[in-house]
Amino acid sequence: ATRRMATAERVARQREQQDRLGGLVFTPESIPANHLVDLFVDMCETGILSYVKPEQCCSRAQEVQSIKKDPAVSMDSAGMLKLGSKIAEPLCEANTELKLRSAWQRRNLAMDLAGLATFSVMEGWTQLLFSHLLREQPRGLAKVSLQQLLDCDRQLFTLASHNTMGNLRESADKSKPLDAEVSRSEEHTS
């Protein structure tokens, strides 16, 4: 179970983010789902970065519309069977360029809200990947695919997880260790 951010703190952080990132349009379809923000808050607290698939980067609107409770059977401390409900984690589509771009923008906003990385650094990484997708390839070479972008993104998180193990919290000078890792990776992929 991940730690849930308190509602008052979530609202305050969202307001601050909207003021800071004035050029973005914030709607229920563009802001990240609460469970996504909570997932990144948990990573920040445990110090262990994990890769989050684009399909998990739902919007708040998708989260609200897909909340359903699946029946679940568990055992209580006395060994008795207990019928409860398990809330299914919402998933979104990320199988086209536009849907993937939107999912990653929600991921970047969620990481910023959680204090794990700054939006501008993560958005720069996303923009770099998509710039490779849009580039004209020399004759005889294949165009960069969405799968290659996904593989590159996953590799970034794998390396960053290794290099930041136990050190994901913001430092006293307000710098974030994950920002430095992403910036270092950008230099090697240009």
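A word on burial before you click: buried means under 20% relative accessible area, exposed over 50%, and partly exposed in between, using a 1.4 Å probe on protein chains only. Helices here are DSSP runs (H or I, at least four residues), numbered from the N terminus. You are looking at a predicted model, where local features need pLDDT of at least 70 and side-chain atom pairs count only at pLDDT 80 or more, while totals for chains, interfaces and linings use all residues. Residues are numbered from 1 along each chain as its sequence is written, and side-chain values use heavy atoms, with hydrogens and water left out.

**Stop one: helix H2**

Select 34–46, which is H2. Its buried residues are Asn-34, His-35, Leu-36, Val-37, Asp-38, Phe-40, Val-41, Met-43 and Cys-44. How far apart are the end C-alpha atoms of H2? They sit 18 Å apart, which agrees with the 18 Å that its 13 residues should span at 1.5 Å a residue; the expected span is 1.5 Å times one less than the number of residues. Step off the end of H2 and you land on Gly-47, with a positive phi near 80 degrees.

**Stop two: the aromatic pairs**

There are two aromatic pairs to find. Rings of Phe, Tyr and Trp (its six-membered ring) pair if their centres lie within 6.5 Å; planes under 30 degrees apart are stacked, over 60 edge-to-face, and the rest tilted. Pick Tyr-51 and Phe-157: this pair is edge-to-face, 5.5 Å centre to centre, with 75 degrees between the planes. Tyr-51 is in the loop between H2 and H3 and Phe-157 is in helix H6 (residues 146–163), so the pair ties together parts 106 residues apart in sequence. Both Tyr-51 and Phe-157 are buried.

Next, pick Trp-104 and Phe-130, also edge-to-face, at 5.9 Å centre to centre and 80 degrees between the planes. Trp-104 belongs to helix H4 and Phe-130 to helix H5 (residues 119–134), 26 residues apart. Trp-104 and Phe-130 are both buried.

**Last stop: a pocket lining**

Which helices each supply at least two residues to the lining of the second largest pocket? Colour H1 (7–20), H2 (34–46) and H4 (97–114) to see them. H1 gives the largest share, five residues.
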